[in-house]
Amino acid sequence: MIRKLKYIVTFFCCLFVTQEGQAQNEKTKDLLKKVQQAYENTKQYQIAVTYNMHRGFSGNNITESYQGTMVKNGKFSQFKALNSEIIQFPRIQLTIDHTEKVARYAKTEKGATVPNSPLDVANFLKFYDKTVVTEREGILVCEMVATKVNMQNPYAKVVLHVDKKTYRIEKQELFFTAMIPFVESDGKTRKMDVGRLVILMDFKETEEQAEPTPNDFIVLSGKDDISLTEQYQGYRLINLAH
């Protein structure tokens with residue numbers, strides 16, 4: 001993720017009345033379920049992901065940006081960004097750092113998603129207790145606010161922009177809980193300000209092709225005795241499954 005993600009931001013959000021909040025939370029829960037199903041029911045796809053760090057509550061002042069790619073083919077999923085990738089199979093995850101030439105093998109729970117994936121929306125309501133869903137020109141805008149401090153959650157507010165017809169996410173806006181240091185125009189001075197991470201997602205269904213298997217990446221010699229395939233020759237493997 002972008003370097004500034006390690007910082008925390010203070011952010012004040014508008015609260016909704018309790019009765020309205022409860023009704024909106026049910027509406028949000030239904031929307032998030034449909035979003036999750038939209039991706040689960042599509043066998044193969046590729047998503048070009050753009051991460052933009054913005055300064056301020058609004059506007060297009062981008063301070064940092066990078067690209068990523070998400071791929072799904074049956075039970076196989078892959079996320080690539082910043083010269084690293086996460087490969088996911090049912091109960092198996094392989095995290096590869098191509099700069100350091102290190103691969104980490106781990107076992108996961110059934111149905112686990114790629115960590116920090118923009119598609120992992122199922123658990124949002126565990127963190128955000130005040131929500132509202134509105135519609136703007138065929139786009140469902142779902143705003144979620146956390147009114148309680150949670151040290152595991154760096155975002156005080158999340159806004160999802162969802163296509164009403166397909167229930168696919170077009171954009172996410174993540175407002176940090178604490179202030180972030182931004183470099184001023186002189187290139188030296190740093191000033192604390194509100195930060196938000198905007199994630200743009202360009203979805204494309206892909207042509208049918210052979211589904212990858214774990215054997216394309218690792219060789220299992222025993223219950224937990226594994227090695228990497230030849231394409232990762234020279235990489236150090238860390239087995240976290242022991």
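Predicted model: local features only at pLDDT ≥ 70, side-chain atom pairs only at ≥ 80, totals over all residues.
Q: Which residues touch the most other members in the largest nonpolar core?
A: Y39, I47, F124, M144, V158 and L160, out of 34 residues in that core. A nonpolar core here is a set of buried Ala, Val, Leu, Ile, Met, Phe, Trp, Tyr and Cys residues joined through side-chain atoms within 4.5 Å. Buried means under 20% relative accessible area, exposed over 50%, and partly exposed in between (1.4 Å probe, protein chains only).

Q: Which strand gives the largest share of this core?
A: Strand 1 (residues 44-55), with 5 residues. Strands are DSSP runs of E, at least two residues, numbered from the N terminus.

Q: What does V158 touch?
A: F124, Y128, C142, E143, M144, E173 and L174, not counting residues up to four places away in sequence. Contact means heavy atoms within 4.5 Å.

Q: How many residues are in the second core?
A: This separate core has 15 residues, including I218 and Y232.

Q: New topic. What lines the largest cavity?
A: I87, F89, I92, L94, P214, F217 and I218. A cavity is a set of points on a 1 Å grid over the protein atoms alone where a 1.4 Å probe fits but cannot get out; lining residues have an atom within 4 Å of a point.

Q: Which strands supply at least two residues of that lining each?
A: Strand 4 (84-89) and strand 5 (92-97).

Q: What about the loops? Where is E137?
A: E137 is in the loop between strand 7 (130-136) and strand 8 (139-145). E137 has a positive phi of about 50° although it is not a glycine. Most residues other than glycine have a negative phi.

Q: Is E137 buried or exposed?
A: Exposed, with a relative accessible area of 83%.

Q: And where does Y167 lie?
A: In the loop between strand 9 (155-163) and strand 10 (169-176). Y167 also has a positive phi, about 60°. Y167 is partly exposed, at 22% relative accessibility.

Q: Last one. Where is M70?
A: M70 lies in strand 2 (residues 62-73) and is buried, at 7% relative accessibility. The C-alpha atoms of M70 and Q46 are separated by 5.6 Å, with the two residues 24 apart along the chain.

Key
Residues numbered from 1 in each chain as written. Heavy atoms only, no water. Helix = DSSP H or I, 4+ residues; strand = E, 2+ residues; numbered from the N terminus. 1 Å grid on protein atoms, 1.4 Å probe; cavity = no way out; pocket = protein on both sides within 12 Å on 5 of 7 lines; lining within 4 Å.
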